[in-house]
Amino acid sequence: MLLVLRVLHIVLGTFWAGTIIFMAAFLAPSARAVGPAAGPMMGQLMQGRKLTPWLIASGCVTVLAGAMLLWHASGGFQPEWMGSPMGIGYSTGGLLAILGLLLGVTQNAPTAQKIAALTARRTAAATPPTPEEVAELQRLNAKMGLLGKLGAGLLAGATFLMAIARYLG
Ligand code: HEM
């Protein structure tokens, strides 16, 4: 059982954090540089491949399995273990990942949904976007850029702490 939890935790955590960091550091800047021509590819990624539900599901399983591993490693959240450098490392890392998940569910996912819906409406109508739509897209893209960096920072911090916690003593 512990082995299954560990495998789920590490494999899905790697996919989740890696994808969020890749999107913030490479995909989003490239899409911005290409401009409107990147719209159909991003639409296919979000609507066709359903990236957002995949990310949310893998984030939820990572956090749930992590909480169960933490419960087991700490002997039921024993204060002595939780207050040790290793306990602080795992729980701070876990907290950063939970904040990343909450940010993703409450902010990133709805914003990405709005961008995808607006782009899809425009593509279906086959007419150029109105000035209001251009302004709205620019506002949503700027917000998404900031949220993406914040999420990537939180998950990079969580992964870093997961990597070192065992060696903190
Ligand atoms: C970005 C999300 C996360 C990633 C990428 C991640 C990654 C990892 C990795 C690679 C390990 C193995 C470390 C080692 O063996 O030295 C690990 C272990 C662990 N993680 Fe996470 N983790 C994440 C989120 C969480 C969360 C949210 C929690 C708790 C709520 C958590 C709790 C733990 C615990 C307790 C262990 C030690 C398990 C053991 O030794 O059996 N992790 N994590």
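1. Helices here are DSSP runs of H or I with at least four residues, strands are runs of E with at least two, and both are numbered from the N terminus. The model is predicted, so that local features need pLDDT of at least 70 and side-chain atom pairs count only at pLDDT 80 or more, while totals for chains, interfaces and linings use all residues. Residues are numbered from 1 along each chain as its sequence is written, and side-chain values use heavy atoms, with hydrogens and water left out.

2. The protein has 6 helices and 0 strands, in the order α-α-α-α-α-α from the N terminus. Along the principal axes, its C-alpha atoms fill a box of roughly 65 × 25 × 20 Å. Of the 169 residues, 35% are buried (under 20% relative accessible area; exposed means over 50% and partly exposed in between, with a 1.4 Å probe and protein chains only).

3. Ala, Val, Leu, Ile, Met, Phe, Trp, Tyr, Cys and Pro count as nonpolar, Asp, Glu, Lys and Arg as charged, and the others, Gly among them, as polar.

4. Polar contacts are pairs of N or O atoms within 3.5 Å; within protein, one atom must be able to donate a hydrogen and the other to accept it, and residues adjacent in sequence count only if both atoms are side-chain atoms. A polar side-chain atom of R6 is 2.8 Å from an oxygen atom of the ligand. For H9, a polar side-chain atom lies 2.8 Å from a ligand nitrogen atom. An N or O atom in the side chain of R166 is 2.9 Å from an oxygen atom of the ligand.

5. The ligand takes up the space of the second largest pocket, in the sense that more than half of its atoms lie within 2 Å of the grid points. A pocket is an open set of points on a 1 Å grid over the protein atoms alone, where a 1.4 Å probe fits, with protein on both sides within 12 Å along at least five of seven lines; lining residues have an atom within 4 Å of a point. This pocket holds about 880 Å³, the volume being the space filled by probe spheres set on points joined across faces, edges and corners. Its lining has 33 residues, with H9, G66, L69, Y90 and M162 nearest the centre.

6. The largest pocket has a volume of about 1200 Å³. Its lining comprises 45 residues, of which A31, M42, I115, N141 and M144 are closest to its centre. Helix α5 gives the largest share of this lining, 14 residues. The lining divides into 28 nonpolar, 14 polar and 3 charged residues.

7. S84 lies in the loop between α4 (79–82) and α5. This residue is buried because its relative accessible area is 18%. The S84 side chain reaches the backbone oxygen of W81 at 2.6 Å. P79, in helix α4, counts as exposed because its relative accessibility is 66%.
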